[in-house]
Amino acid sequence: MTISPDQTREARIRELSRAHVLTSWSAQAAIDPLPLAGGEGAYFWDHQGRRFLDFTSQLVNVNIGYQHPRLSAAIAEAAGGLTTVAPSFAQESRARAAAAIAGVAPEGLSKVFFTNGGAEANENALRMARAHTGRHKILAAYRSYHGATAGAITLTGEPRRWGAEPGMPGVAHFWGPHLYRSEFHASTPQEESERALAHLRHTVEAEGSHQVAAIILETVVGSNGILVPPPGYLEGVRALCDELGILLILDEVMCGFGRTGAWLALDHWGVRPDLVTFAKGVNSGYVPLGGVIVSDEVAATFDERPLPGGLTYSGHALATASALAAIEIMRDEGVVEHAAEVGERSLGPAATALLGTNPLVGDVRGLGVFWAVELVSDQGSRRPAGGETMKAVQAGCVKRGMWPLIVANRVHLVPPCVISHEDADRGVGILADALADAIP
């Protein structure tokens, strides 16, 4: 595709943005966001005509790639009909999208409550859990991000919650498994799993199991490191919940809909949660959409009593039309299977090969098109690499035409699920060169 530079337009966008836009999670005077002009597949470009291989998927949501013609056409077609329908009415794309989403969930999770995004999905999941159990406490992991609304940010365990504290009452945090930075002095995945489960049980007991409504987990932790749970961990959490009458909420907002090479990340472990939250990849972010997939047992709670929640745009017609089209496209084009293959044949092996080739690389982990390369300033102590190193890596990648996702001391490798094997290899090769330049 021909890219026509338009630097006058870029300057105007920068000027308007500086004057009127507040950018999330940023000190405004310290940033100058790059104006984007377009995108296609696994690439985007700016108004100067520079084309970048995207290893961010924006916010790990453009799973199907930029400007998929069928998905754009589906949204345009939906806009030609009734564009907005209140939740108190029934609407075709809402009903069909709910059926399609439930169709990729474990058996017995048959109903969907639609929201505008992932944070609202988690808000409503915890509200349903409290109503269903009659209990009020929710347990969440320290290494987690569940959204920035009042309840979701309280569930969040990492420092982004600090600015919102004091938060919603009734939330307690615990340490989940992370072998490379184990809180439990474990040396094997099995030890990490067993000790993390023992710690979780102790936390539940300390909080009073009879008061705990739910445990919420990112099936694969996203923003806090792309942490794949060790063998037996998710199964152990499910067993603990069953034993004590606690609901299990799996947050699949980032890791769902193809990202890990499965429709839902939970498919890798065969665990059946009580509630699943989703957003992002369900329609690749083309229109804001999220939701909760609800088990039949929890849904039955609201057969004779009102569901305690609602949103003006719950199941918005354009958003649900886009989700239905996205799921159909992913099935027709084998997007989920392709993501798994990229993880197994190109992206995963190429990323793993960085271990031992550069002293900055401490750990590599992931599934599908969901990988993290953790950088350290010292291999022995595993001290995280500093900000200047991460800036150098970012600049080195951008200079070479690949846009990386830098999170703390990690480079997250999260391209669109449709990325080719060749581009996956090329992107990791660019990272390798940038890492070489960044060695002190």
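Student: Which residues of α13 are buried?

Tutor: Keep in mind that this is a predicted model. Buried here means under 20% relative accessible area. By that cut-off, the buried residues of α13 are Thr389, Met390, Val393, Gly396, Cys397 and Val398.

Student: And what covers the buried residues of α13?

Tutor: There's a helix in the cover, α14 (421-438). Strands are there too, including β3 (51-54), β12 (370-378), β14 (402-403), β15 (405-407) and β16 (410-413). So, going by contact as heavy atoms within 4.5 Å, the cover includes β3, β12, β14, β15, β16 and α14.

Student: How far does α13 reach from its first C-alpha to its last?

Tutor: Helix α13 takes in residues 387-399, 13 residues. At 1.5 Å a residue, 18 Å is expected. The reach in the model is close to that, at 18 Å.

Student: Which residue in β14 stands opposite Asp54?

Tutor: β3 and β14 run parallel, joined by 2 bridges. Opposite Asp54 you'll find Trp403.

Student: Over in the second largest pocket, how many charged residues are in the lining?

Tutor: The pocket holds about 310 Å³ of space. Its lining has 18 residues, with Arg143, Trp175, Arg181, Asn224 and Arg410 nearest the centre. By class, 5 are nonpolar and 5 polar, and the charged ones number 8.

Key:
Residues numbered from 1 in each chain as written. Predicted model: local features only at pLDDT ≥ 70, side-chain atom pairs only at ≥ 80, totals over all residues. Heavy atoms only, no water. 1 Å grid on protein atoms, 1.4 Å probe; cavity = no way out; pocket = protein on both sides within 12 Å on 5 of 7 lines; lining within 4 Å. Points joined across faces, edges and corners; volume = space filled by probe spheres on them. Nonpolar A, V, L, I, M, F, W, Y, C, P; charged D, E, K, R; others polar. Helix = DSSP H or I, 4+ residues; strand = E, 2+ residues; numbered from the N terminus. Expected span 1.5 Å × (residues − 1). Buried < 20%, exposed > 50% of the residue type's maximum accessible area, 1.4 Å probe, protein only. Pairing = 2+ DSSP bridges.
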